Amino acid sequence: MLRGRRVPGPGSRAGRRRWFQAAVLLTAVALLPSAWLWTGSDSRVRTVADAPSAPVAVVFGAGLFDGEPSPYLAHRLDAALTLYRQHKVRAILVTGDNSRTDYDETDAMRGYLTARGVPEVRVVGDYAGFDTWDSCSRARRIFGVDRALLVSQDFHVRRALALCRAAGIDAYAVAVAEAHNATWYYGGLREIPGAGKALMDALLRPDPQFLGVRETGIGRALADGPTG
């Protein structure tokens, strides 16, 4: 009677080699979605200075401090403001979280831009941008955006770019540079699991959490005449 092969224990040389091989394999699988985000995206990731023109800039929410845009969100809004002043975009879609009555990213973003001279008609708010896929899907399906510049920090823009293109938007990403401090590294680490979710969203293309009726704000913004 043949005996089964003995499985090497973790303390043996063969066992350690197998554990190492398994760890390498799991790491490679975990990083595949991140590799997908980087593949072929470089030509579509720009800075404010070399971004092409587009009808709309889409600015993604990034948190509030005492009801005001966080520093990261303020930097995104500043980039969108520069794009508007340089006549590279004619409308700005601010998409954020307003899931609670005491938390309203969208109006905070609108207020920041209008206080700096952008006409109210040119700033359109999406109050149900609960994550990047919802923001991209709603930008296309609810607001009718088909070409846009996506404004976010450099560690996030490739995910935004991949998801908005999957949603049907001809998009370029405008990467906002930040100091590589603890906040930046934390954001980068979040992109690893975020890339996995992004891949599933791009493949399955689920409905956003809230869909709703078609909004006309972008159409009104683009019909308002030349950029001021």
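Colleague: How many salt bridges does the structure hold?
Modeller: There are eight salt bridges. A salt bridge here is a side-chain nitrogen of Lys or Arg within 4 Å of a carboxyl oxygen of Asp or Glu. Note that this is a predicted model: local features need pLDDT of at least 70, side-chain atom pairs count only at pLDDT 80 or more, and totals for chains, interfaces and linings use all residues. Residues are numbered from 1 along each chain as its sequence is written, and side-chain values use heavy atoms, with hydrogens and water left out.

Colleague: Which residue does R44 bridge to?
Modeller: R44 pairs with D170, and their closest N and O atoms are 2.7 Å apart. The two come from distant parts of the chain: R44 is in the loop between α1 (13-38) and β1 (45-46), while D170 is in strand β8 (residues 170-176), 126 residues apart. Helices (H or I, at least four residues) and strands (E, at least two) are DSSP runs, numbered from the N terminus.

Colleague: Is R44 buried or exposed?
Modeller: R44 is buried, because its relative accessible area is 17%. The cut-offs are under 20% for buried, over 50% for exposed and partly exposed in between, with a 1.4 Å probe and protein chains only. D170 has 37% relative accessibility, so it counts as partly exposed.

Colleague: What else does R44 sit over?
Modeller: Its charged end is over the ring of Y172, 4.4 Å from the ring centre. To count, NZ of Lys or CZ of Arg must be within 6 Å of the ring centre and within 35 degrees of the ring normal. R116 has such a contact with Y112, at 3.5 Å from the centre of the ring.

Colleague: Back to the bridges. What does D207 pair with?
Modeller: D207 forms a salt bridge with R141, with 2.8 Å between the closest N and O atoms. D207 lies in the loop between α6 and α7 and R141 in helix α4, so this bridge ties together parts 66 residues apart in sequence. D207 counts as exposed because its relative accessibility is 53%. R141 is at 37%, so that residue is partly exposed.

Colleague: And which residue partners D201?
Modeller: D201 bridges to K197, and the closest N and O atoms are 2.7 Å apart. Both residues lie in helix α6, four residues apart, which is about one turn of the helix. D201 is buried, given its relative accessible area of 9%, whereas K197 is partly exposed at 43%. Salt bridges with shared partners join D131, K197 and D201 into one network.

Colleague: While we are in α6, where is M200?
Modeller: M200 is in that helix, which covers residues 182-204. With 45% relative accessibility, M200 counts as partly exposed. Together with L203 and L204, M200 forms a nonpolar surface patch of about 350 Å² of accessible area. Patches are made of residues with over 30% relative accessible area and no salt bridge; like charges are joined within 9 Å, and nonpolar side chains (Val, Leu, Ile, Met, Phe, Trp, Tyr) within 5 Å. The areas come from the Shrake-Rupley method with a 1.4 Å probe, and for residues only the protein chains shown count as cover.

Colleague: New topic. How many aromatic pairs are there?
Modeller: The count is two aromatic pairs. Rings of Phe, Tyr and Trp (its six-membered ring) pair if their centres lie within 6.5 Å; planes under 30 degrees apart are stacked, over 60 edge-to-face and the rest tilted. Y72 is in helix α2 and F155 in the loop between β7 (147-153) and α5 (157-166), 83 residues apart. Both Y72 and F155 are buried.

Colleague: Why is the pair of F130 and F210 edge-to-face?
Modeller: The planes of F130 and F210 are at 65 degrees, with the ring centres 5.8 Å apart, so the pair is edge-to-face. F130 has 25% relative accessibility, so it is partly exposed.

Colleague: Last one: how many residues of α5 are buried?
Modeller: Nine of the 10 residues in α5 are buried. Among them are V157, L161 and C164. Just after α5, G168 takes a positive phi of about 105 degrees.
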